Amino acid sequence: GGLPRHRGGEPGAAQPAGRQPRRGAAAASAGAPRAGSAAAAGDARRRRAAAASQLTRELQELQEMEADLERQEREVDEDTIVTIPSAVYVAQLYHQVSKIEWDYESEPGMIKGSILFFWRNW
């Protein structure tokens, strides 16, 4: 940008008083490849490869987690298929034996019901 440069080309470094960079040297070095640019490009490639490798590992971990969650979901579905009918049977049996009429409109977490008495005259 607009920052002054010294001969080394580092931005922000001030020139000694009264000295200006040589125009010919700056123009000649601008088009020439830097000695460190090949190393820098290699470093950048290695960093990109390492990042890609890390992302691939993370993707594999996420796919394994997804497969595990799908397996757990199938197990829960199987348990639900078995558990709910038996729970319904137990609830119906308890209702028939105890004669409790449950209040299904009560607040969540609150269990309400009433006992029905039938009087017989013998």
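**Exercise 1.** Determine how far apart Asp 68 and Arg 71 stand in helix H2.

*Solution.* Being 3 residues apart in helix H2, Asp 68 and Arg 71 are separated by about one helical turn. Helices (H or I, at least four residues) and strands (E, at least two) are DSSP runs, numbered from the N terminus. This is a predicted model, in which local features need pLDDT of at least 70 and side-chain atom pairs count only at pLDDT 80 or more, while totals for chains, interfaces and linings use all residues. Residues are numbered from 1 along each chain as its sequence is written, and side-chain values use heavy atoms, with hydrogens and water left out.

**Exercise 2.** Identify the salt bridges that link Asp 68, Arg 71 and Glu 75 in a network.

*Solution.* Step 1: a salt bridge is a side-chain nitrogen of Lys or Arg within 4 Å of a carboxyl oxygen of Asp or Glu. Step 2: Asp 68 pairs with Arg 71, their closest N and O atoms being 2.5 Å apart. Step 3: Glu 75 also forms a salt bridge with Arg 71, at 2.7 Å between the closest N and O atoms. Glu 75 and Arg 71 are 4 residues apart in helix H2, about one turn.

**Exercise 3.** Classify Asp 43 and Arg 46, which meet in a salt bridge, by accessibility.

*Solution.* Step 1: buried means under 20% relative accessible area, exposed over 50%, and partly exposed in between (1.4 Å probe, protein chains only). Step 2: Asp 43, at 33%, is partly exposed. Step 3: Arg 46, at 54%, is exposed.
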